[in-house]
Amino acid sequence: MGKVVLVTGAARQLGGRFVRRIQRDPDVDRVIAVDAISPRHQLGDADFVRADIRQPAIARVLAERAVDTVVHLDVSGKALGAGGRTTVKETNVIGTMQLLGACQKSPTVRRLVIKSSTSVYGSAPRDPAVFTETTPPKSLPSGGFAKDAVEVEGYVRGFARRRPDVAVCVLRFANILGPDADSPLADYLSLPVLPTVFGYDPRLQFVHEDDVIDVLRIASHEPRRGTLNSGTFNIAGDGVLLLSQCSRRLGRPTVPVLLPAVTWVGQALRTVGMTDFSPEQIRLLTHGRVVSTVQMRETLGFHPVFTTAGTFAEFARSQAPGLLPPEVIGRAVDRLAAMPFAGGTGVTGADATQPTHSAR
């Protein structure tokens, strides 16, 4: 008999894509798609169960369907429908607690995959240049989705201690982008003008939606020969981009804001519907964050198709044209950089120089 896979967050674009993809695998017998609201997209031959993971009823779903693999994707920084930040936090934290409690009682569950985020490392002025999976954060996130992710991982570690017979895989994704990206950062990058923090140019990493689906499939199955898919892994595309490079490639001008006024900018962005543009998101756009993906490649055996730059290019192609053509912005920056008073070296090209640290 094939695997029975339960996927939470099926009403979200990413959850729907994974549901449609995993059911095509030959060793998967059934896919149970779960969400509190009905999805607007097709789920193929999956069985959709409308259930709120914040309620104990999720335990009955696991028991009745004899689920052996649980893929928890309903951990997000953005609400669906009319839900606000409170609903998002309850689903992320309380929903995860209920789901883990149900998994702990289930005798059939043998594998658990958790969608987490590199935001658990936070973003601080004295952060290391590169975070590994074992690097402790300099300061724990104080709010927003980042804090939710920290709490979720804490509950998952407790579950792993109580059920050592269950293979647990935690995937810490960098910022997920692509043509269908739906996140606070994607909303920010879609603004006609990008507010930035004066004097800072953070380093950012991205992972493509397609690569997210591929690595979730690897984590959901038995490990391939020579690999191990239990543990915690950073997932990101190769390379980094500066926020200034992102703005140029989008053709969107930036408006530098003094650091003391950044809180007002965050409040304004939340007013226009960016529900999780929390202080943690603002810290990311101030100090940036870069993670090591050595374990992703050497232990998990996953090699992303898209680099960080390639992922961003796919996202940029899906966006409406910016106020200024990217080539115009690039030429203007090149001319300024080449002037003697700017310390120019005569080397031009919008991305001719790739600094390795944020300007702080």
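## Starting with a definition

A residue is called buried when its relative accessible area is under 20%, exposed when it is over 50%, and partly exposed in between (1.4 Å probe, protein chains only). Asp68, with 18% relative accessibility, therefore counts as buried.

## About the model

Welcome to a predicted model, where local features need pLDDT of at least 70, side-chain atom pairs count only at pLDDT 80 or more, and totals for chains, interfaces and linings use all residues. Residues are numbered from 1 along each chain as its sequence is written, and side-chain values use heavy atoms, with hydrogens and water left out.

## The overall picture

The protein has 360 residues, and 51% of them count as buried. Its secondary structure is made up of 12 helices and 13 strands. Both kinds of element are DSSP runs numbered from the N terminus: helices are H or I with at least four residues, and strands are E with at least two.

Contacts here are heavy atoms within 4.5 Å. Take the contacts between residues at least 6 apart in sequence: 80% of these join residues at least 24 apart.

A salt bridge is a side-chain nitrogen of Lys or Arg within 4 Å of a carboxyl oxygen of Asp or Glu. There are 22 of them in the structure. One joins the side chains of Lys3 and Asp68, at 4.0 Å from N to O. Lys3 sits in strand β1 (residues 3–8) and Asp68 in the loop between α2 (57–65) and β4 (69–72), so this pair ties together parts 65 residues apart in sequence. Lys3 is buried, at 14% relative accessibility, and Asp68 is buried too, at 18%.

Another salt bridge pairs Arg297 with Asp238, at 2.3 Å from N to O. Because Arg297 belongs to helix α10 (residues 294–298) and Asp238 to the loop between β11 (231–235) and β12 (241–242), the pair ties together parts 59 residues apart in sequence. Arg297 is partly exposed at 23% relative accessibility, and Asp238 is partly exposed at 38%.

## A further pair and a network

Arg54 and Asp52 also meet through their side chains, in a salt bridge of 2.7 Å, N to O. Arg54 is partly exposed, with a relative accessible area of 22%, and Asp52 is partly exposed at 21%. Finally, look for Lys89, Lys147, Asp148 and Glu151, which are linked in a network of salt bridges.
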